[in-house]
Amino acid sequence: MDDATHASATPAASDPSVLARGLVKRYGDLVAVDGIDLEAHPGTCLGVLGPNGAGKTTTIEMLEGIRAPDEGEVSILGRRWHRHARSIRARIGVQLQETQLEDKLSVRETLRLYRSFYKNGRTVDEVIAMIGLEDKHDAWVVKLSGGQKQRLTLGCALVNRPAVLFLDEPTTGLDPQARRRVWDIVEAFKQDGGTVILTTHYMEEADRLSDQLVIFDRGRIIARGTPASLIESLGVQSIVSVRGEALDQAAETRLRALPGVRGLRRDGGAVVLEVDDTRQVIAGLFELDLAIEDLHTHRPTLDDVFMALTGRELRDD
Ligand SMILES: Nc1ncnc2c1ncn2[C@@H]1O[C@H](COP(=O)(O)OP(=O)(O)O)[C@@H](O)[C@H]1O
Ligand SMILES: [Mg+2]
């Protein structure tokens, strides 16, 4: 897109606030990011889901103007980094994968410091309320829990009232309750018309927060769409996994032949069935009279989408 026209024109609501075309980044012989196109719009979250090493951080850092692409173009709020770095920086919030805060500053002092980098923005009290750290406003950073620290780094990214928020694995290592508190802050930001770019290797997080999702693998986008459409594209009703000592090759063959079974794979000790008709398969399973010790069914998830696309697990932890 032409920078000059966009920098001066008032952006329409339908214009993407983040746009990338043909992004490539190489580290020596390794092509870490191999031709990425993406865009995100106001009031929505674009999720970037993929396993460790897929190129998520490299990509988001090129969007954030931290790493220079070897090829391709980035436009943020209709502007390019090489010409408008200062004005872009004033309007985005960035939470890095590893943000180091000063241990012996309080929550309030930390936010005041970040606030001082910007001409315009929120008051420190406003941010403390947004991240729910009223009780801890005087506490040193070093005394905060992992979840509280993470909310504080989110707060640091919100001090300038950004239009676009970049979050790189914002809840990695947090317990489920702390994770939900981060999600609530992100939801509120989105509700307010903000654009979120979020990387994660948690399918649940991607599913919950993303309006649009791109699935990364080895530097490429291997699927994109809404979480629901990606799951629907699998075309299976459920995933049925069975365990048992005696589930040998012969048993596998019989399972594969059951009416309603679409596909079968091994996952550690379990046989995992992709199923078109759950009732029929469960009924058929019992007819086979195999020695089953554990039976488990779930609706297909983004993990199953990744598995179907790559033959590998999304998660390695
Ligand atoms: N500064 C760097 N120098 C060399 N290789 C790098 C560098 N940063 C990342 N990589 C490599 O690029 C690939 C993508 O990394 P990264 O973008 O961090 O992936 P993700 O965030 O999805 O885990 C990995 O193979 C990683 O080892
Ligand atoms: Mg990363």
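**Around the ligand**

Reply: A backbone N or O atom of Gly53 lies 2.7 Å from an oxygen atom of ligand 1, which falls within the limit for a polar contact (a pair of N or O atoms within 3.5 Å). This is a predicted model, in which local features need pLDDT of at least 70 and side-chain atom pairs count only at pLDDT 80 or more, while totals for chains, interfaces and linings use all residues. Residues are numbered from 1 along each chain, chains are lettered from A and ligands numbered from 1 in the order in which they are written, and side-chain values use heavy atoms, with hydrogens and water left out.

A polar backbone atom of Gly55 is 3.0 Å from an oxygen atom of ligand 1, and in Thr57 it is an N or O atom of the side chain that comes to 2.8 Å from a ligand oxygen. Of the 560 Å² of accessible area (Shrake-Rupley method, 1.4 Å probe) that ligand 1 has on its own, the protein covers 62%.

The shell, meaning residues with a heavy atom within 4 Å of the ligand, includes Gly53, Gly55 and Thr57, together with Tyr27, Leu30, Ala32, Pro51, Asn52, Ala54, Lys56, Thr58 and Arg67. Sorted by class, it holds five nonpolar, five polar and two charged residues, where Asp, Glu, Lys and Arg count as charged and Gly is among the polar ones. Strand E2 (30–40) and helix H2 (56–63) each supply at least two residues of this shell, and H2 gives the largest share, three residues; helices (at least four residues) and strands (at least two) are DSSP runs, numbered from the N terminus.

Helix H4 (residues 107–115) packs against helix H6 (residues 146–158) with the axes 9 Å apart and an angle of about 30 degrees, where angles run from 0 to 180 degrees between N-to-C directions. H4 is therefore roughly parallel to H6, a label for angles under 35 degrees. H4 passes H6 in a right-handed crossing, that is, with the near helix turned clockwise from the far one by less than a right angle. H6 in turn has its axis within 9 Å of that of helix H7 (residues 176–191), and the two cross at roughly 15 degrees, which makes H6 roughly parallel to H7. H6 passes H7 in a right-handed crossing.

Technical notes
Polar contact = N/O pair within 3.5 Å; in protein donor to acceptor, adjacent residues only side chain to side chain. Parallel < 35°, antiparallel > 145°, perpendicular 65-115°, else oblique.
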